[in-house]
Protein chains: 2
Amino acid sequence: MVRRTKAEALQTRAQILDAAEQVFHRKGVLSASLKDIASEAGVTRGAIYWHFKNKHDVFMAMVDRSRLPFDSLAERAEDASEPDPLGRLREFMVYLLQQAVCDPGQRRLFEIMFQKCEFSGENADLLDRQRDACRDSAGRLTRTFANAIARGQLPKNLDRVKSVTWLHSQLTGVIMNWLLDPEVLDLERAATDFVDTCLFALQHSPSLRTSPGL
Amino acid sequence: MVRRTKAEALQTRAQILDAAEQVFHRKGVLSASLKDIASEAGVTRGAIYWHFKNKHDVFMAMVDRSRLPFDSLAERAEDASEPDPLGRLREFMVYLLQQAVCDPGQRRLFEIMFQKCEFSGENADLLDRQRDACRDSAGRLTRTFANAIARGQLPKNLDRVKSVTWLHSQLTGVIMNWLLDPEVLDLERAATDFVDTCLFALQHSPSLRTSPGL
DNA sequence: GTATATACATTCAGCAATGTATGTATAGGC
DNA sequence: GCCTATACATACATTGCTGAATGTATATAC
């Protein structure tokens, strides 16, 4: 091959990331070699080393590429002027679960992160970033909860830390468990019931309140 | 070194598995080499190849070694003659969560499985075994639920598949989330509240029933 | 007491992946 | 129309690990 235009170079970069996603998903992040990714992308390793520092750099770029679609939905839920914060939160959670089922790219991403990835060595910083992302979501949930409490959608004496942590765990748990065994349950149908059960528990479970007697 | 007695050989084997646990936890399963494990165990790679076929075999042996303590507790909950199946289930879940916090070995195991392990290539069968183990637990939960329903501890029209899947997801989600960020919450204290919230939802959430109106 | 299987240590060949160095043809600025 | 940075491909050296082969000293069976 020869020198491409800038637009073509960007496309090459995207091709490499697409290929990486496929290969990471098929063989696992650590087991995948740059040779694998290169041949999947229809280029040589030289091209990869031109666009990226090394495999870890490719992986990070691939992860970064796909954090966008969820943000807008989540933001609306934590907007203080939103009259129905719990409704937005419900929408968001259902959407997230259904995306995991229906969007093959999203599902692949989840499977890579949950099953095909070692958080160690070079990837140790990825664990930190996961933790940061986790705390971000927790912060959003906390603000959304505050709005919901102000509007009487959640009880005033809800233990914020406990309930946020609990709800967040529910989401990751459902996704992870379903990915492990997708056959046992039609998650797309069950999503709303799962989410509603979580919200029901938030609203009514005494064990998530600060003062047990209320 | 020289020829050891059978008892000493068994101890060597255990040493290797202990070392593997440490090294897998520190470097990740795929990144760890047999050389690492050997030097951690104070033996040479020759010793490992004597006791095991390869690294994957070591890993499998390490995983198999630690499935025992939970079984007895879980079994009591699914015993049809148990007068308080939900109470046993509660005990078991709380115990499981607290073990993840307090028992360093158990925690290490969880961290290896959740964060330091790629389920791909040679480890693909491990994913199958995870799935099997998951279905085992689901089966136990199903039987326990049946007992609880028979004894009036859970509603008659509970959707078995949905509720079992949901509860199981809660457990794995809580453990996984806490392992990612142990600082934000004292899980040992929160464990009972989390479990009670889950049980509360099982008992009262309309979204887990088969017929919504009841 | 001898023979043999055992429980390792040591050595070696070979591969596969990585990173780098170099080649090369073109795009785009002047 | 030339020059240079760009966007790759190709070739090479190095490394680290694996698995198997071999060595060896001792339990243990007989």
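Guide: Buried area is the accessible area (1.4 Å probe) that two parts lose on being put together, summed over both. This is a predicted model: local features need pLDDT of at least 70, side-chain atom pairs count only at pLDDT 80 or more, and totals for chains, interfaces and linings use all residues. Side-chain values use heavy atoms, with hydrogens and water left out.

Visitor: What is the area buried between domain 1 of chain A and domain 2 of chain A?

Guide: About 1400 Å² is buried there, with carbon and sulfur atoms giving 59%. In domain 1, His25(A), Met60(A) and Val63(A) lose the most area to domain 2, together 40% of what that side buries.

Visitor: What are the bounds of domain 1 and domain 2 in chain A?

Guide: Domain 1 covers 6–63 and domain 2 covers 66–208. Such bounds come from an automatic or database domain assignment. The C-alpha centres of the two domains lie 30 Å apart.

Visitor: Why is the pair Glu21(A) and Arg108(A) called a salt bridge?

Guide: A salt bridge needs a side-chain nitrogen of Lys or Arg within 4 Å of a carboxyl oxygen of Asp or Glu. The closest N and O atoms of Glu21(A) and Arg108(A) are 2.8 Å apart. So the pair meets the rule.

Visitor: Which element gives the most to the side of domain 1 that touches domain 2 in chain A?

Guide: H4(A) does, with five residues. Helices (H or I, at least four residues) and strands (E, at least two) are DSSP runs, numbered from the N terminus.

Visitor: Now the two chains. How many residues does the contact take from chain A and from chain B?

Guide: The contact takes 48 residues from chain A and 48 residues from chain B. Contact means heavy atoms within 4.5 Å. The area buried between the chains is about 4100 Å², and carbon and sulfur atoms give 61% of it. In chain A, Glu118(A), Asn177(A) and Leu180(A) lose the most area to chain B, together 15% of what that side buries.

Visitor: What makes Lys162(B) and Asp193(A) a salt bridge?

Guide: Their side chains meet at 2.6 Å, N to O. Across the interface of chain A and chain B the rule finds four salt bridges.

Visitor: Which element gives the most to the side of chain A that touches chain B?

Guide: H9(A), with 13 residues. Helix H9 spans 160–180.

Key. Residues are numbered from 1 along each chain as its sequence is written. Chains are lettered from A and ligands numbered from 1 in the order in which they are written.
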